[in-house]
Amino acid sequence: MTLILRRVYHVAAFSWYAFVVKSLLAKDGEELPPGIFVYGGPWKYLTFLNLLLQMSFFGLATLNDLQAVNKQESTLNRCKDLYFSVFGFPVGMFVVLLFWSIFAYDRELVYPATIDTFFPPWINHAMHTFVLPILLGEVLVQPHIYPQTKYALAALGVVGLAYMFWIVWVYLSVGIWVYPLLGYFSTAGVVGFFFFNMSVVMLLYVLGDKLNSHVWHKDVHKMTTKAK
């Protein structure tokens with residue numbers, strides 16, 4: 001029953017994210033508010049990149065489900081675990097928490113009201129709300145082997161720096177910040193905001209590790225022992 005539930009969950013989650021990504025890409029080229037898709041299209045938004053990340057993970061998880069049940073040590077299974085633990089969980093949780101924190105303070109800083117004309121509420125929640133319960137659901141349906149913390153945090157740091165440079169490049173190219181909030185910061189403020197966010201992402205990685213160990217204590221111990 002657990003295996004069937006896991007397979008159904010992974011297929012459903014992958015299908016959902018594929019549908020959302022397709023719906024967003026269909027908007028590219030339409031008459032949107034100024035600056036929304038200029039230079040880089042949706043590819044400059046962490047929200048969209050996260051959707052691709054989640055879709056890729058659940059696609060990988062679905063493929064992994066097709067393997068024999070006892071192949072826990074397979075390369076595909078290890079890649080799936082790394083993908084979820086290092087990137088899928090912390091980045092997905094970060095997108096939800098940061099977006100709604102800023103939105104509650106002043107939505108114009110992150111999601112201007114003019115966007116509501118083009119993106120219905122369900123798309124907003126698909127990008128910024130449903131990600132959280134889907135991730136928590138994944139924690140509940142399957143245990144994951146986490147890598148050594150220092151390597152995971154190093155990987156997160158490299159990816160975070162790459163995204164920061166991408167945002168700065170967009171600004172230098174077209175003079176528009178990907179997120180209006182950044183326009184209120186000095187150069188030092190932007191750098192400080194970035195490092196603050198990276199600290200939050202790294203804490204979320206640790207949280208994911210703790211949740212995984214708490215829910216699957218016995219299973220994680222067995223899986224870790226086999227992997228050694």
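# Aromatic pairs and helix packing

Trp 122 is partly exposed, with a relative accessible area of 33%; buried means under 20%, exposed over 50%, and partly exposed lies in between (1.4 Å probe, protein chains only). The structure is a predicted model, in which local features need pLDDT of at least 70 and side-chain atom pairs count only at pLDDT 80 or more, whereas totals for chains, interfaces and linings use all residues. Residues are numbered from 1 along each chain as its sequence is written, and side-chain values use heavy atoms, with hydrogens and water left out.

**Overall architecture.** The protein contains eight helices and zero strands, and its pattern along the sequence is α-α-α-α-α-α-α-α. Helices (H or I, at least four residues) and strands (E, at least two) are DSSP runs numbered from the N terminus. Of the 228 residues, 43% count as buried. The protein exposes about 12,200 Å², of which carbon and sulfur atoms supply 71%; accessible areas come from the Shrake-Rupley method with a 1.4 Å probe, and for residues only the protein chains shown count as cover. Among contacts (heavy atoms within 4.5 Å) between residues at least 6 apart in sequence, 79% join residues at least 24 apart.

**Aromatic pairs.** A pair of aromatic rings is described by the distance of the centres and the angle of the planes. Rings of Phe, Tyr and Trp (its six-membered ring) pair if their centres lie within 6.5 Å; planes under 30 degrees apart count as stacked, over 60 as edge-to-face and the rest as tilted. The count by this rule is 19 aromatic pairs. In one of them, the rings of Trp 16 and Trp 122 have centres 6.3 Å apart and planes at 55 degrees, so the pair is tilted. This pair links distant parts of the chain, with Trp 16 in helix H1 (residues 2–25) and Trp 122 in helix H4 (residues 121–128), 106 residues apart.

Phe 99 and Phe 103 form another tilted pair, at 5.5 Å centre to centre with 35 degrees between the planes. These two residues lie four residues apart in helix H3 (residues 75–106) and are therefore separated by about one helical turn. Ring pairs also link Tyr 9, Tyr 17, Phe 57, Phe 58, Phe 84 and Phe 89 into a cluster.

| Residue | Relative accessible area | Class |
|---|---|---|
| Trp 16 | 26% | partly exposed |
| Phe 99 | 5% | buried |
| Phe 103 | 21% | partly exposed |
| Phe 48 | 3% | buried |

**Phe 48 and helix H2.** Phe 48 is found in helix H2 (residues 46–65). Neighbours within four places in sequence aside, Phe 48 is in contact with Val 21, Leu 24, Leu 25, Pro 42 and Trp 43. Val 21 lies 27 residues from Phe 48 in sequence and 7.7 Å from it in space, C-alpha to C-alpha. H2 itself has 20 residues, 15 of which are buried, so it is largely enclosed by the rest of the structure. From its first C-alpha to its last, H2 reaches 28 Å, close to the 28 Å expected at 1.5 Å a residue; the expected span is 1.5 Å times one less than the number of residues.

**Packing of H3 and H4.** H3 and H4 pack at an angle of about 130 degrees, with their axes 8 Å apart. H3 is therefore oblique to H4, where angles under 35 degrees count as roughly parallel, over 145 as roughly antiparallel, 65 to 115 as roughly perpendicular and the rest as oblique. Val 95, Val 96, Phe 99 and Trp 100 of H3 make the contact with Asn 124, His 125, Met 127 and His 128 of H4. Axes are lines fitted to C-alpha atoms, for helices over the stretch in contact, and angles run from 0 to 180 degrees between N-to-C directions.
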